[in-house]
Amino acid sequence: MADLVWLHEGALRLTHPVFAAGGPGAATVFIWDTDRLADSHVGIKRQLFIYETLAEMSESRSLDIHEGRTEEVLPRLAAQSNAGRVLVPSSPDPAVRAKIGAIRRAAPDLEIVEIEDTPFVTMANTPDLGRFFRYWNKAKKSALRPQGI
Amino acid sequence: MNETIPLPTKFADRAAMLAHLRALSGHDDAASAIPDIAAGGRTAAEAVLARIDPRAYAATRNHLDGAVTRLSPYIRHGILSLDEVRNAALASVSDPKQAEKFIQELAWRDYWQRIYLAHPERIWSDVESYKTGFDAAEYDAELPADIAAGETGVACIDQFIATLFETGYLHNHARMYLASYTVHWRRVSWQAGARFFLEHLVDADPASNNLSWQWIASTFSNKPYIFNLENVAKYCGPDINTIPRHNLVLDQSYERLSELLFPYMGGPHG
């Protein structure tokens, strides 16, 4: 069974690891969920920017934009494309995470796999996030020398 | 089972795409102006990335006409990864130290995103108490109509709001001025201001945006951020109106502003 790549507005590039995980045959969808966009305060200017980006992506890869509630549309699309898994770029956004939870409740047999992006820095321990410079003091070495040169 | 029909992706021009989006969102006011926002897509992103100059950025980034990159909408939407932007910056300099300030600013985004994942409740709630002498309940929960309309009567503030409306973008310094004016001069909750920015900024990200508002407000920093007209004049150049009589409430020394804006700082009141 093929995979279905579900994109959200935080990972709009074809070089994201989610595409390598899905392989060249994976269909790709973006759900234009107007309620979620409104709840997330996504104004019309940002909507235009996102849509332009999706339109350009669709020129070089099979990518469809579907309107509707994510938890209703995505399981239907997965069934239509005979997908056994949905691959989604991981996101810290609670709105995206809530939709993942809603899909799992709506379609418990559908496997959803979150794919991490390439990291900006690697650190041995969880950094102190209390203030930026506590984090930066730990992250700086990796940030400036990502290959450990 | 109904076959789901995808939405169109080909339009004659930006106006047609915008009309389509307005219809989808139920705001079918097609007569509205077409915003002058950054072009979406990877092609535009790569063109912007090719122009970055980390050394000039470090020297001039605080000025409105400085060598800022305008990468933020592309990074926020993952069109460019932080990793590849950092690598491009390092490739453009002979010594990594020349790109350190630029990469540190990329790290701010990584930092905000880590907080977003680890502490999502901090995005809309005060991380700490206000350090202004006022309680959170003393800040208005709603954005005043004159700020929402860009008609405050403070010339430079109204210019920043007009730019926000027209372009979906503000230089970081202008964001700081506008946020500080909203929270500290008008005593409006940072949440109301953060919603205003989220609705208009093309690079709007709840973590970067809201935690930055908290930094201004002092609920995620050690003191409130304020500015004065002299500072605006120093960083904004001649395109921004800094004539004193058009910006009266900003035309004070920092010492006097602290007295006016935070009369109870240093002691309890009420």
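Of the 149 residues in chain A, 54% count as buried, where buried means under 20% relative accessible area, exposed over 50%, and partly exposed in between (1.4 Å probe, protein chains only). This is a predicted model, in which local features need pLDDT of at least 70 and side-chain atom pairs count only at pLDDT 80 or more, while totals for chains, interfaces and linings use all residues. Residues are numbered from 1 along each chain as its sequence is written, chains are lettered from A and ligands numbered from 1 in the order in which they are written, and side-chain values use heavy atoms, with hydrogens and water left out.

**Chain A layout**

Chain A has six helices and five strands; helices (H or I, at least four residues) and strands (E, at least two) are DSSP runs, numbered from the N terminus. Read from the N terminus, the order of elements is β-α-β-α-α-β-α-β-α-β-α. Along the principal axes, the C-alpha atoms of chain A fill a box of roughly 50 × 35 × 35 Å. Among contacts (heavy atoms within 4.5 Å) in chain A between residues at least 6 apart in sequence, 70% join residues at least 24 apart.

**The sheet**

The five strands form an open sheet in the order β3-β2-β1-β4-β5 of chain A, with parallel pairing. Its edge strands, β3 (63–67) and β5 (111–115) of chain A, each pair on one side only. The twist from one strand to the next averages 30°. Two strands pair if DSSP finds at least two bridges between them. Two of the pairings run as follows.

In β2(A), A:F30 is the bridge partner of A:L7, and A:L87 stands opposite A:V113 in β5(A).

Helix α3 (residues 44–60) of chain A lies across β1, β2 and β3 of chain A and runs at about 165° to β2(A). Helix α4(A) also packs on the sheet, where it touches β1, β2, β3 and β4 of chain A, and its direction makes about 160° with that of β2(A). For these angles, axes are lines fitted to C-alpha atoms, for helices over the stretch in contact, and angles run from 0 to 180 degrees between N-to-C directions.

The buried residues of α4(A) are A:T70, A:E71, A:V73, A:L74, A:P75, A:L77 and A:A78. Their cover includes β1, β2, β3, β4 and α5 (94–106) of chain A. After α4(A) comes A:N82, whose phi is positive, near 60°; A:N82 is in the loop between α4 (70–80) and β4 (83–89) of chain A.

**Nonpolar cores**

A nonpolar core is a set of buried Ala, Val, Leu, Ile, Met, Phe, Trp, Tyr and Cys residues joined through side-chain atoms within 4.5 Å. The largest has 66 residues, of which A:W32 and A:Y135 touch the most other members. Helix α6 (residues 100–118) of chain B gives the most to this core, with eight residues. Apart from it lies another core, of 44 residues, including B:Y130, B:F134, B:W190 and B:W213.

Leaving aside neighbours within four places in sequence, A:Y135 contacts A:F120, A:V121, A:M123, A:P127, A:D128 and A:L129, and in chain B also B:A107, B:D110, B:Y111 and B:R114.

**Chain B**

The axes of α6(B) and helix α11 (residues 206–217) of chain B come within 8 Å and cross at roughly 95°. The two helices are therefore roughly perpendicular to each other; angles under 35 degrees count as roughly parallel, over 145 as roughly antiparallel, 65 to 115 as roughly perpendicular and the rest as oblique. On the α6(B) side the contact is made by B:R109, B:W112, B:Q113, B:I115 and B:Y116, and on the α11(B) side by B:P206, B:A207, B:S208, B:L211 and B:S212. These residues divide into six nonpolar, three polar and one charged. Here Ala, Val, Leu, Ile, Met, Phe, Trp, Tyr, Cys and Pro count as nonpolar, Asp, Glu, Lys and Arg as charged, and the others, Gly among them, as polar.

B:S218 is in the loop between α11 and α12 (229–236) of chain B and is buried, with a relative accessible area of 0%. Not counting residues up to four places away in sequence, B:S218 touches B:S129, B:Y130, B:K131, B:T132, B:K223 and B:P224.

B:R70 lies in the loop between α3 (54–60) and α4 (72–76) of chain B. B:R70 is partly exposed, with a relative accessible area of 43%, and has a positive phi of about 65° although it is not a glycine.
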